[in-house]
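This briefing concerns the structure shown below. Please consult the sequence and coordinates alongside the text.

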Amino acid sequence: MNQYLSEKIKNLNFLLIILIVLLHSYNIPESYLTDGYLAYIELFFSNGLTRLAVPLFFSISGYLFFMNFEMSWKGYTAKIKKRFKSLAIPFLFWSGIFALIAYFANI
């Protein structure tokens, strides 16, 4: 990947991170939606525009996953094994550790 594309993806990811934070800060009660146009503007940003961020993250990760990809079953399985070692094993390990901590904290 060239430097220009890398900077472009990094800047897009920064914008998407901001949209994800706005998505998680949605807390409009239903009675508030009838109070005027500001509520609808907030609804548009928090429940409309920000919903675009998660599919874009998914698309970018898919693009980066298949970049420089060897089109064969062997190439695909090698890439999956590499991702499993770098993502799934640490995730399962740390999830297990925190599950044990939560279990022993509740005894």
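The model is a predicted one. Its largest nonpolar core has seven residues, and helix H1 gives the most to this core. H1 and H3 have axes that come within 9 Å, and the residues of their contact include no charged ones.

**Nonpolar core**

- The largest nonpolar core consists of Ile-9, Leu-16, Leu-19, Ile-20, Leu-23, Ala-53 and Ile-60.
- Two or more residues of this core come from each of helix H1, residues 3-24, and helix H3, residues 53-65.
- Five residues are given by H1, the most that this core receives from an element.
- Ile-20, a member of the core, touches Ala-53, Val-54 and Phe-57, when residues up to four places away in sequence are not counted.

**Packing of H1 against H3**

- The axes of H1 and H3 come within 9 Å and cross at roughly 150°.
- Because angles over 145 degrees count as roughly antiparallel, H1 and H3 are roughly antiparallel to each other.
- The crossing in which H1 passes H3 is left-handed.
- On the H1 side, the contact is made by Leu-5, Ile-9, Leu-12, Asn-13, Leu-16, Ile-17, Leu-19, Ile-20 and Leu-23.
- On the H3 side, the contact is made by Ala-53, Val-54, Leu-56, Phe-57, Ile-60, Tyr-63 and Leu-64.
- By class, the residues of the contact of H1 with H3 comprise 15 nonpolar, one polar and no charged.

- Lys-79 is located in helix H4, which spans residues 73-105.
- Lys-79 counts as buried because its relative accessibility is 18%, and buried means under 20%.
- The contacts of Lys-79, leaving aside neighbours within four places in sequence, are Phe-65, Met-67 and Phe-69.
- Thr-50 occupies the loop between helix H2, residues 37-47, and H3.
- With a relative accessible area of 0%, Thr-50 is buried.
- Thr-50 touches Leu-19, Leu-22, Leu-23 and Phe-45, not counting residues up to four places away in sequence; Leu-19 and Leu-23 are among the residues of the largest nonpolar core.

- Ile-101 belongs to helix H4.
- Ile-101 counts as partly exposed, at 48% relative accessibility.
- Between the C-alpha atoms of Ile-101 and Trp-73, which are 28 residues apart along the chain, the separation is 40 Å.
- Tyr-37 is placed in helix H2.
- Tyr-37 counts as exposed because its relative accessibility is 63%, and exposed means over 50%.
- The C-alpha atoms of Tyr-37 and Lys-10 are separated by 34 Å, with the two residues 27 apart along the chain.

Key. Residues are numbered from 1 along each chain as its sequence is written. This is a predicted model: local features need pLDDT of at least 70, side-chain atom pairs count only at pLDDT 80 or more; totals for chains, interfaces and linings use all residues. Side-chain values use heavy atoms; hydrogens and water are left out. A nonpolar core is a set of buried Ala, Val, Leu, Ile, Met, Phe, Trp, Tyr and Cys residues joined through side-chain atoms within 4.5 Å. Buried means under 20% relative accessible area, exposed over 50%, partly exposed in between (1.4 Å probe, protein chains only). Helices (H or I, at least four residues) and strands (E, at least two) are DSSP runs, numbered from the N terminus. Contact means heavy atoms within 4.5 Å. Axes are lines fitted to C-alpha atoms, for helices over the stretch in contact, and angles run from 0 to 180 degrees between N-to-C directions. Angles under 35 degrees count as roughly parallel, over 145 as roughly antiparallel, 65 to 115 as roughly perpendicular and the rest as oblique. A crossing is left-handed if the near helix is turned anticlockwise from the far one by less than a right angle, and right-handed if clockwise. Ala, Val, Leu, Ile, Met, Phe, Trp, Tyr, Cys and Pro count as nonpolar, Asp, Glu, Lys and Arg as charged, and the others, Gly among them, as polar.
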